[in-house]
Amino acid sequence: MKTLVGIFALALLLITTAIAAYATQNSTTSDRTLENLQTAFNGESNAHTRYLAFAVKADQEGYGGVASLFRAAARAEEIHAANHLAEIKKLGGPAQAKIDSPVVKSTRENLEAAVRGETYERDIMYPDFYKQARAVGNNDAFRTFNYARNAEAEHAKLFMEAFNNLENMRGKNTYYVCTVCGFTTRNLDFAKCHTCFSAKEKFVAVS
């Protein structure tokens, strides 16, 4: 009888320890998801400010098409920041963006900086963030990270094209930005957004 009681007590202790360990791990991974959201919110908020400053410089240098692209990208980053903010609030965390004064150089240099930033987010930051969110089962965080990553991939492509054809970017262009996920395109030749599948009526024109 004593042996049976001892076995039961040991089993209860192991179960309690396992539950405590799981709770600690779950808390840690949730904290990390929140930290990732806060990092992304800060980054997108700064990108919005930076791209608006880059647009002003592009207009000053006579690259109206590049200015249009920077304004469209700024609108997309604003949407990403809002999406991240919504998820931060769900997790009960604070959302504070430390907006740095943007470093504005020539339009060519600004495009180079934009390509570097978007490529980093496309290839490193957002894939790490959404893999971690998926691992802990936070589908909402995964979604906002994935939305942003897909838009940044398109931004990197558009910025590189502008860099390679800078002298052909003198006239203003019109870009279309999905107000749900921030996907940015030059042509609305589709019925639904490539990323979030929202109707194309959800897109706004930016020029």
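Over which ring does the charged end of Arg108 sit? The ring is that of Phe163, and the charged end lies 4.9 Å from its centre. This is a predicted model. Arg50 lies over the face of Tyr51, at 5.7 Å from the ring centre.

Ring pairs link Tyr51 with Phe54, Phe70 and Phe159 in a cluster. Across the structure there are 10 aromatic pairs. One of these joins Tyr130 and Phe142. A pair of aromatic rings is described by the distance of the centres and the angle of the planes. Tyr130 belongs to helix α3 (residues 107–135), while Phe142 belongs to helix α4 (residues 139–164). The pair therefore ties together parts that are 12 residues apart in sequence. Tyr130 and Phe142 are both buried.

Helix α4 also holds Asn164. Is Asn164 buried or exposed? Asn164 has a relative accessible area of 53%. The cut-off for exposed is over 50%, so Asn164 counts as exposed. In sequence, Asn164 and Leu111 are 53 residues apart. In space, their C-alpha atoms are 9.8 Å apart.

Now turn to helix α2. It covers residues 64–90, 27 residues in total. From its first C-alpha to its last, α2 reaches 40 Å. That is close to the 39 Å expected at 1.5 Å a residue. After α2 comes Gly92, with a positive phi near 75°.

Key: Residues numbered from 1 in each chain as written. Predicted model: local features only at pLDDT ≥ 70, side-chain atom pairs only at ≥ 80, totals over all residues. Heavy atoms only, no water. Phe/Tyr/Trp six-rings, centres within 6.5 Å; stacked < 30°, edge-to-face > 60°. Helix = DSSP H or I, 4+ residues; strand = E, 2+ residues; numbered from the N terminus. Buried < 20%, exposed > 50% of the residue type's maximum accessible area, 1.4 Å probe, protein only. Lys NZ or Arg CZ within 6 Å of the ring centre and 35° of its normal. Expected span 1.5 Å × (residues − 1).
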